[in-house]
Amino acid sequence: MKNIFKSILKLGKLAKIAVLSMALMLTGQSCEDILAEQVISDIGNDYINSPVGFEDASKAAYSYLRAYYAQELGMTMMQMGTDTYTQGADGGYKKYNLYNNDLDPRDRWVRDLWREFYRGINTCNAIIERGPKIEGITPAILATRIAEAKALRAHYYFVLVQHFGGLDLRLTESFGPITEISRSTEEAVYTQVLKDYTEALPNLPKSSSEWGRYTQLAAEAMLAKVHITRATRSFGSAADYSAAESFGKNVINNYDRSLLPDFASLWELGNDEHSEAIFSVQFDYDLLSAGGAGNRWHLYYLMEYDTQPGLGRVLAVGRPWKRLRPTDYTYNKAMVNRDVDARYDKSFRKVFYATREGTFPTTLDNSKDNITLAVGDTAIYMPGYEMSKEERAKRPYQVYTPSMYQFKQFGVLAKFLDPLRASINETRGGRDFMVTRLADIHLMVAETLIQQNKNAEALEHINLVRRRAAFSGKEAEMNLTVADVNMELIYDERARELLGEGHRWTDLKRWGKLIERVKLYNELGAPNIEEKHNYRPIPQGQIDLVDGGNANFPQNPGY
Amino acid sequence: MKKTLQKRPKGSPQRLWSRQVFFTLSSLAFFILVSMQSIAQVTGTVGGEDEPNLPGVSVVVKGTTNGTTTDMNGDFKLNAPANSTLVLSFVGYEDQEIAIGNRTIINVTLAIDAASLDEVVVVGYGTVRKSQMTGAISSVKAKDISDLPITNTQQALQGRVAGVDVMQAGSRPGSEPRVLIRGRRSFGASNDPLYVLDGIPLAGGIGDINPNDIASMEVLKDASATAIYGSRGANGVVLISTKRGESGKGTVSYDAYYGLSKAHNTIQLMNGEQFAEAKREAYRASGNYVDDASLFSAVELDGIASGRSTDYLGGLLRNGNIQNHQIGFSGGNDNTRFNMSLNYFKDNGVIPNQDFNRNVLRINLDHKINKIFSVGMSTFINYSIRNGENFNPLSGALRENPLGETYNPDGSLNFLPTEDGLRSNPFSEIVDGAIVDRRRSNRSFSGLYATANIAKGLTYRVNFGPDFTIEKYDRFQGTYTNARRLAPPAAQTNNETRFNYALENILNYEKNLGEKHTLNFTGVQSLQKDRRELSGISVSGIPSEAQQFNNFGNASIIQGVSSRLIESTLLSYLGRVNYGFNDKYLLTVSMRADGSSVFGNNTKWGYFPAAALAWNMSNEGFIRDVSAIDLMKLRVSYGAIGNQGINPYQTQGLLSQRSYNFGSSAAFGYAPNTIGNPDLKWESSTTLNVGLDFSLYRGRISGSLEAYSVNTRDLLLSRNLPQSTGFSAVTTNVGQTRNSGFEATISTVNVNNGSGFKWATDFTFFTNKEQIIELAQGKVDDIGNGWFIGKPLSVIYDFEKTGIWQTNEADEAQSYGFAVGENKIRDANNDGVINSDDRVFQGSGVPDFSGGITNRFSYKGLDLSFFVFARVGQTIRSNFHTSNNTLFGRYNNILVDYWTPTNPTNDFPRPNENQESPRFNSSMAIFDGSFLKVRNINLGYQFPASIASKLGMQSLRLYSSIQQPLIVSPYISRWGGIDPETDIDAQISGNVSPSTWTSTIGLNVKF
């Protein structure tokens, strides 16, 4: 060793010494310090345990609503395969309309709905469990946020139970890998949903300064919905109808909500926060906060207009994904009495204006060979009724009548069109998605009254909704008499009033009419639909991954 | 005299005069001195022990740069001073020094270098003589690399090393092949080997290394060899050593090649007429076909009438080219040696806007300060530009309706060739400036070292390896692109800054105890830190296309912004003892302890021991006498190695941002996203390896055989969870896998006769069987994750297509819920229903065996080699056959034999307008992926030294090479595919850049 020291000194290679000693110094730190892992650019789970993190978690709890409402997922599961809507030309999820063997447990939508809503439930569980242990939150805010989380948890479970039946009823936050899971009964889920909403109700605000948060109003509306749905289940009872009636009437009587005077103003752009709105899933045009979501329903009801003579794709109309096409029932049985009832007129888009000038050969309208158009001229008129060839021939544009409709061109529901999107191909729209509005509540109250043989009282609620739907001055003609009141009327009235708004599949299921009415009115779904289709298949991944597989988490019958 | 001169004023006549005198006198004196030593011409013939005439032997006058090489007959001619000494050297023979004395004719016979068996092999933290090696290590030398137009480091390993599978799908410039050593063992952690560059373990990639700088690569395969890298060695280790300078006359070298590449073929699509007919059939199937006039749009009708059929795919391909230029300087003296090179590499792919350019400056320096200290460095600075990493217009071209109107009457591109709003003109994607997709990367890596010979046999070395990367990825999509389809342009930029260093203190002690015992001890302490900073922004609504990604402030919409910091640290201690007895018995024992920041608090440290024993049978008396056997060595090794190849922060439960809004105010929130696992620890593999190294008949047959079994436990498994937990997956340590296999590497010299003709063959063969032994729930299949006990780590588990439902099977089809003309799926469990229970195994991407044969012929200066490689028994999924086989009359389709009532084929189902893809289409894409490829054919000529020297060169070689001229596979001959080679995922992307063949000419010159 002496030698080394000597030679170092002798040579005076200070630089080398520096390198060596630096090396030793750097590695001389304590191992524990060096190997500690610090989360800097991510946010660790403990964040929720702080007041600000708790607040952020309760915002996040809402975000999962966007995975279902206003997406293709929701469109497919809420509207496809019903009596009012059948498949258009496009989309890979026609199995939900055809009810064929493809609609199986491997399907993407059932998997996605299951996954996203359970993430929402886990977030709610975290809020409910951790909230009381966090220091520094004012008790009032804590109570409100926990109530919101309970209402959201109930909301997620309510949607899931309607589609899937019995669930994994998970009420605590998940830590670590959990695979010992079993399937609860459908009844237990309803019991929990009602419990959550009931517990939430007193602690929710009557109204919120932040539009879109759960309020007492929304919770009472949802309680009405849960009860009216539970009433038709095997474990439901007449008491559910009276409970639904009472919650529905609370919504109507105890809050500041009122029907909009004009049916059309329900769909005005920028009018999301109108007086009829009760609970809506929030969207906005700011794409940063859209975070990949956005209301996408503007895509699905639009027919392929942009390939038609004289037309090109424009933002003012939209991007046609042509997923959903009205059935004959919608045109001919639901949307009737159109000279008095304005709802066909105000729900459908009838005219498409030319964006290209020139002379074009006609396509669907065979009353003439060519049409000559200038930009802005009417290129297509869709009156919604049959028009004679002679009558059509008089017009300088194409007239598409229901008999010409097919997979690509059909009646266009205009309720969701969204010309305020950032660009023509932008799929993310900014309209709020209405989960329930006052007219829905009136019709639900009417339904509970009919079930309790109070048809006269039911008629008042029905006529109220119908009168609002009249063309100006024809309100009286919309009034029905008590003799008209029965469930058939409810089926048709809800179809007219709430067409395409996402209620139909669960409505049909509630009424026990899904199979009957699909067989009657949905030509493509009719051959295959059977009893099992009242439930969606449980995602295969869920069954494969729980301990014991199908024995512990049985698939719904028939899948 | 000196003093007086100094006193004279500068530039005075006297001063100039005296200088002249001085020079003249000294020159004269020198001349006299030189001429006193008489210069004579020496001639002679050089032969070897095994052949009479050796061409190309270097003959140099010792201590000078004066020298020559022998010609084709082994003759040389050289002017040399009498009494000087000649040094003769030639590869494979021992150097020989001959004192000339007064002779003018000198004939020499060189002895075969027995020590060529004893070449030095680089191992982890040291070197070892090949005969002393106890582990399974294979080498690739510089000559194997520089003789060929090799574009990346991984390619140099391709087919040369048994047990190493180098896989590359397609030809996208700048993409790096996947390297797997002895298969996969891990689901969740990385299966990539560890690369060690000039002694420094790399954290970054190796794409920036210039393959021409590589002197050798050693692949460490078994536990004994890799355990020294402990936690990072589980997937094998590749040691890369770059060329270093040598003392003596400096050389300047220039190496270059230029090649043209062409797509092998393209997938066959329907032409206009075929597409039209498929569309008609799609509407016949739904009963909606009346006549062409009502089915086709005006553009399509026009296309049909005029016989239009645009070959978009062909129109998007070009001839690619590849070029490489390298200029190198190397040399030095006894104390300082250097090697410098500057390299330019450019690969223009066969698709426009796909190219890769790499510029590398390398400086390697070694300096001996004194008897004790040496210092040195090996540094490279890289600047590379890659275009088209995420750009490929082919996917659009594969879909585009061939009947469309490609050009407007004025000759300009028609952006929407048909009325289909989703399909824009594929040619508009490659219009200049329409799409920019560029990654620019700057990297500087230095391996700095200092060594001290502390005492006899005891050395200390410190390595410091800073590795600094700045990378910028830019992407721009203009208005006239399919991504934007007339919407305002969009752009994004991602930046990454990465700093990473390794700091290692290495102590080595070597001692011979008596004559028979040799002992070597190595101790290392190592610290490696990695820090990555990432940021990115994406916008849309850029006002002017020319702005691209250069002014995000002008964009009307910010789509997203992000930044991120990722850090990790690895601290290790290790020790190794090599003990040899009498050169017969060799023992290596090693132990490494690794602490890593990425694991849980209680489980950061892992310990990895290994031992190996080798028996040099050829040094035993009973074999030594067998003249046929030069070397026979049996090796056994056993050890544990770890795998930490997971991303940081997986032990922590993390939240993710969620976006929502209340009214019009944004409401960002945070929700649980990943489950933490504080007990997450090292995955560990134990390897048992038995090997035999042999050399027979003076190296005529040599090679090694290896058999191994690797058991990996505590797998770092991203295990899927039931989604009702609110999480999709969690990283855990569960389960067990096993890899077992056999490897043979055999080299033979088939012909080597006096005429100078030589034929040698290198043969590699290997099998690797991947098996899952245990999963989270024990020996229970995990169907949800697609993991099955006894099967490879990923398998193709899907419905089995048995044909197409034929007309006479209508009732049976109906009973399963199918229609005639649809895919017929085997009811595997015979329950009368086709559901997910009918999925069956249909193979995996793991081949039954792989092998390669390289034949080398040489005659005088001429050499010819060709390399054939085969991989047999794997199954692949061809996404061409699903995503480009949708058969619904909207998008163009690959040309398939589809079912119609009059064409009752069993190949593919009937087109139907009411489907976006045929039902059960995933079953249509599963094929046998076996293939045989001629990887390259290479022809070279080494000019005789005499000619080279006339041109002022030390040596000159010209060569020509064809890369991948031939692929043979059932996937090509039966199913119209292009190239079945895939990454281990066994997927052929429908968006792959077509495989190419490249023909190259190259030149190696030394001055």
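**Close-up views of a predicted complex**

View 1. At 1.5 Å a residue, the 16 residues of α11 (residues 238-253) of chain A should span 22 Å, and the end C-alpha atoms are 22 Å apart, which agrees; the expected span is 1.5 Å times one less than the number of residues. Helices (H or I, at least four residues) and strands (E, at least two) are DSSP runs numbered from the N terminus. Buried residues (under 20% relative accessible area, 1.4 Å probe, protein chains only) of α11(A) include Tyr241(A), Ala244(A), Phe247(A), Gly248(A) and Val251(A). Their cover includes α10 (216-230), β3 (277-281), α16 (438-451) and α17 (455-468) of chain A.

**View 2. An open sheet of five strands in chain B.** The strand order is β10-β15-β16-β13-β14, with mixed pairing; two strands pair if DSSP finds at least two bridges between them. At the edges, β10 (137-141) and β14 (200-201) of chain B each pair on one side only.

**View 3. Strands β13 and β16 of chain B.** β13 (residues 194-197) and β16 (residues 237-242) run parallel and are joined by four bridges. Leu197(B) stands opposite Ile240(B) in β16(B).

**View 4. Residues 1-18 and 27-37 of chain B.** pLDDT (the predictor's confidence in each residue, from 0 to 100) stays under 50 over residues 1-18, with five contacts (heavy atoms within 4.5 Å) beyond four places in sequence. It also stays under 50 over residues 27-37, with two such contacts. Where pLDDT is low, the predicted coordinates should not be read in detail.

Residues are numbered from 1 along each chain as its sequence is written, and chains are lettered from A in the order in which they are written. In this predicted model, local features need pLDDT of at least 70, and side-chain values use heavy atoms, without hydrogens and water.

Definitions and conventions
This is a predicted model: local features need pLDDT of at least 70, side-chain atom pairs count only at pLDDT 80 or more; totals for chains, interfaces and linings use all residues. Buried means under 20% relative accessible area, exposed over 50%, partly exposed in between (1.4 Å probe, protein chains only).
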